[in-house]
Amino acid sequence: MVSEYLTVLGEAEATTVIERSKFICYIKGVKDEADARDFIDKIKKIHSLATHNCYAYIADDLGLVQKFSDDGEPQGTAGMPMLDVLKNKKLYKTVAVVTRYFGGVKLGTGGLVRAYGGAVADCIEKTKIVTMRAVKNYLITADYDGYSKLLKAFNSENYKIVNTVFADRITLTIAVTLDSEKVFIDKLNDLFKGNPKYEYLGESYGVFN
C-alpha cells in the first residue's frame, strides 16, 4: 500500500473527429483489474458495431498491473500510446477506452498514435484528478455534545468524516492520514477523558482534495 497516488474521480467522455473518423474516449477510476475489465466490456457492448475498441489501464496503486489492446489497429498505434498518456499523467487505478468509427481515410502509423494518445489526453482534461491517500479508519460513538467537539477537533485536511449516523447517539466513521494517527488518538483520549469510545476498522484509501 503506497502512501498516495493520483487517479480519476468518476468517469469522463470526450469525442474528437479526425479525417472523418470519430474517436470516443472514456476514462474511469477503478478499484482493481476486474473493475477495469468490466468497464471495457461495457463500452464494447455499447459500441459493438464500432471499427475498433482499444483500451489501456493501470489497475493497481504501484503501476504493476498494466495492459493495453490495439483491437485490430496496427501494432503499437493505439493501446500503447494510450497507456503512455496514463503513465505520463501518473494516473493509477485508471482505465481508458477509445472507440473508433472509421471515416474512410487512413491516418497512417503516426496519425493513429497521435489520434489515440490525443483522445485520451483530451478526455483527461475533462476529468477531475484526485489524490488518494492511505488512511486508517475509525468508528466513533458519541453523544450530541461530543459530536460538536469532534467536529471542532478534527476540522483539518488530515481527517475526513466519511459517514455519519444519527440516532440516540451519533456514530461517525473518520478516515485519518497515516502520519496523523498518533495526534488523532491523543485528541480522542483528551476529548473522552481517557475513556474513548472508538473502534479501529482498518486501512483503505481516501480522497483528500
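**Reading paired strands in a predicted model**

Q: In which sense do strand S2 (residues 11-18) and S3 pair, and over how many bridges?

A: Strand S2 (residues 11-18) and S3 are paired in the antiparallel sense, and the pairing extends over 8 bridges. A strand here is a DSSP run of E with at least two residues, numbered from the N terminus, and two strands pair if DSSP finds at least two bridges between them. This is a predicted model, in which local features need pLDDT of at least 70 and side-chain atom pairs count only at pLDDT 80 or more, while totals for chains, interfaces and linings use all residues. Residues are numbered from 1 along each chain as its sequence is written, and side-chain values use heavy atoms, with hydrogens and water left out.

Q: What other strand pairs with S3, and in which sense?

A: S3 also pairs with strand S6 (residues 94-101), again in the antiparallel sense and over 8 bridges. As an example of residues facing each other across this pairing, Lys28 is placed opposite Val95 in S6.

Q: Why can strand S3 (residues 21-29) be described as largely enclosed?

A: The general idea is to count buried residues, where buried means under 20% relative accessible area, exposed over 50%, and partly exposed in between, with a 1.4 Å probe and protein chains only. In strand S3, 8 of the 9 residues are buried, so the strand is largely enclosed by the rest of the structure.

Q: How many residues of strand S9 (residues 170-177) are buried, and which strands pair with S9?

A: Of the 8 residues of strand S9, 7 are buried, and the strand is therefore mostly covered. S7 and S9 run antiparallel and are joined by 8 bridges, and within this pairing Tyr138 has Ile174 in S9 as its bridge partner. Strand S8 (residues 159-166) is also paired with S9 in the antiparallel sense, over 7 bridges.

Q: Which residue of S9 is the bridge partner of Val165, and through how many residues does a hairpin join S8 to S9?

A: The partner of Val165 in S9 is Thr171, and the hairpin that joins S8 to S9 passes through 3 residues.

Definitions and conventions:
Helix = DSSP H or I, 4+ residues; strand = E, 2+ residues; numbered from the N terminus.
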